[in-house]
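Colleague: I have just opened this model and would like to understand it step by step, so please take my questions slowly.

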Amino acid sequence: MSNLVIGWIGVGALFGLLAFRMSIGTALMAVSFVGITVMLNLQAAFGIVSAMPFNLIGDWSLTAIPMFLFMGFIAANTGLTAGAFDLLRVLLARIPGGLASASVGACGLFAAASGSSIATTAAMSKIAVPEMLKAKYHPSLATGVVAASGTLGSLIPPSILMVLYGIFTEQSIGQLFIAGVIPGVLSALVYMAMITVRASIAPKLAPPVVEQVDRAQLIGLLWSVWPFPVLVLGVLGGIFGGFFTPTEAGAVGAFLAAAVAMLRRSLTRKALAEAIRQTTLATSSIFFLSIGAVMFTRFMGLSGVPRALTDMMLSVSDNQIVIILMIAVLFVILGMVIDSIGLILLTLPILLPVLEAADINLIWFGIICIKLLEIGLVTPPVGLNLYVLHSALSGEVTLRNIISGTTWFIAMDIVTLVILIAFPAISLFLPSLMAQ
C-alpha cells in the first residue's frame, strides 16, 4: 500500500472519528500516530509523539495566546465592557435600530480588547441583550446581533485565530493584525447598515428608544469608556509603533487590563480567580488541538496527500479566485460541524501547499479564512456562539430564535466575504503601507 493511499485512508478515518464525536485533538493524534506507524515504524511514531509536543509548547509565539485570553477574560469579569455599550446606545439613539447598532459597535470595541469571539459574545449577552429585550426588540434581532457581532473577535486584532494562523503558516502576526483592521470595521458597518434598513422598513422589529441624557451624563459616559483606548492603544499602538512584538503585546495587554481593573476597583479575588480558571481551560484546549495539528501536519507531509490535492485542484483551475471559492465551499460545509479553531488546524496542513502552488498571498487568504470561520461560529449545528449566547441567557430566548436571528447577519457576512475576495487591497493596503 502506497503512502498516498494510507494518507487518504487517514483523512477518511479522521472524519469518521469526528462523526462519532471524538474530540478533534484526540482524533488528529490517533490518526497521525497510526498512520506514521504504518508508513514508517512504531519507533518513529513514538519519537514524533515525544518530540513534537515539547517543540510546539516551547514556541515563544504561542505565549501570546494565554496572555490575550487572560486580557479578555479580565475585561469580561471586571465589567470593563459596560461603558462602551451605554455610550454607543446614547450616540446612536436617533438611528433606527440604534440599540442593535450600539451592540455591534460595543462588540467590535470589546473584540479589540480581548481577541476572543467567545469572550465577546459571553460578555455582551449579559449587557446588550437584556437592554434590547426591555426595549421590546424582537428576540431574534436582540440575540442574533450579539451572536453575529461576537464573531468580530476573530477578525478585529488582537485575534487568537490570527495568532494560530500566523504560527502555522509562518506569516507575520503583526501584519495579520494590521490586515484585519479594515475588514473588521467593514464587517461592523455592513451589520449596522443592514440593521438600519430593516428597522426602517419594519419599526416593530426594533421600536425607537428615546434617550434623555444631559451634558453631565454624556461626559460621565465618555469617561466610563477610557479603559478601551488604554487597552487598544497600549496593545495595537505598541505593535504598530514597533515598541514590542505581537507576542510581547499579549503580556502587555494582560498587564494593562489588570491595572485598569485595579484602578477601577473591580479586580476582586473572585473575578481574578474566574479569569485565571477560564484562561487555563481555554489555553489547554487550544494547545491540545495544536499538538494534534502538528502531528497531523507531519503525517500529511509523509503521505503526499497535500501534493496530490494541489495537483487535483490546479487541474480544475489555476485561477486564484476559483481556488479560493472552492476552499470557501469546503470551509462553509465543515464549519457546520467543526469549531473554528479545530477547523483551521485541521485544514491548514492540507491546504497550505495548494495556496503556495497557486501563489496566493497568505496574509490576504488569512483574512478570508478568518471570515469563513466567523460564519462557522454562527452556523448550526455546531455554531459555538449560538450555544454560548443561549447558555449565558439561561434559556430566556429559545435557541430557535437565536438561530433565526443570525440568518440576516450570515447573509451580510457573505456580502463582506465577496468584497474581500474581489478586492484584495482591502486586506493588504495597511500592511503594505506599514512595510513602506
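Colleague: Does Phe 68 count as buried or exposed?
Modeller: This is a predicted model, in which local features need pLDDT of at least 70 and side-chain atom pairs count only at pLDDT 80 or more, while totals for chains, interfaces and linings use all residues. Residues are numbered from 1 along each chain as its sequence is written, and side-chain values use heavy atoms, with hydrogens and water left out. A residue is buried under 20% relative accessible area, exposed over 50% and partly exposed in between, with a 1.4 Å probe and protein chains only. Because the relative accessibility of Phe 68 is 0%, this residue counts as buried.

Colleague: How many aromatic pairs does the structure hold?
Modeller: Rings of Phe, Tyr and Trp (its six-membered ring) pair if their centres lie within 6.5 Å, and planes under 30 degrees apart count as stacked, over 60 as edge-to-face and the rest as tilted. By that rule, the number of aromatic pairs in the structure is four.

Colleague: What kind of pair do Phe 68 and Phe 177 make?
Modeller: The ring centres of Phe 68 and Phe 177 are 6.1 Å apart and their planes stand at 70°, so the pair is edge-to-face. It links distant parts of the chain, 109 residues apart, with Phe 68 in helix H4 and Phe 177 in helix H11, where helices are DSSP runs of H or I with at least four residues (strands are runs of E with at least two), numbered from the N terminus. Phe 177 is buried, with a relative accessible area of 0%. The kind of pair is therefore edge-to-face.

Colleague: How many residues apart in sequence are Tyr 191 and Phe 409?
Modeller: The rings of Tyr 191 and Phe 409 have centres 5.2 Å apart and planes at 85°, so this pair is edge-to-face. Because Tyr 191 lies in helix H12 and Phe 409 in helix H22, the pair ties together parts of the chain whose separation in sequence is 218 residues.

Colleague: Which helix gives the largest share of the lining of the largest pocket?
Modeller: On a 1 Å grid over the protein atoms alone, a pocket is an open set of points with protein on both sides within 12 Å along at least five of seven lines, a cavity is a set where a 1.4 Å probe fits but cannot get out, and lining residues have an atom within 4 Å of a point. The largest pocket has a volume of about 950 Å³, and of its 36 lining residues the closest to its centre include Phe 73 and Val 388. Several helices each supply at least two lining residues, among them H4 and H7. The largest share, eight residues, comes from H16.

Colleague: Which helix gives the most to the lining of the largest cavity?
Modeller: About 60 Å³ of space lies in the largest cavity, and among the twelve residues that line it, Gly 335 and Leu 377 are two of those nearest its centre. H19 and H20 each supply at least two lining residues. With four residues, the helix that gives the most is H20.

Colleague: How many of the residues of H20 are buried?
Modeller: Helix H20 runs over residues 362-377 and reaches 22 Å from its first C-alpha to its last. This helix is mostly covered, and its count of buried residues is 16 of 16.

Terms used. The expected span of a helix is 1.5 Å times one less than its number of residues. Grid points are joined across faces, edges and corners, and a volume is the space filled by probe spheres set on the points.
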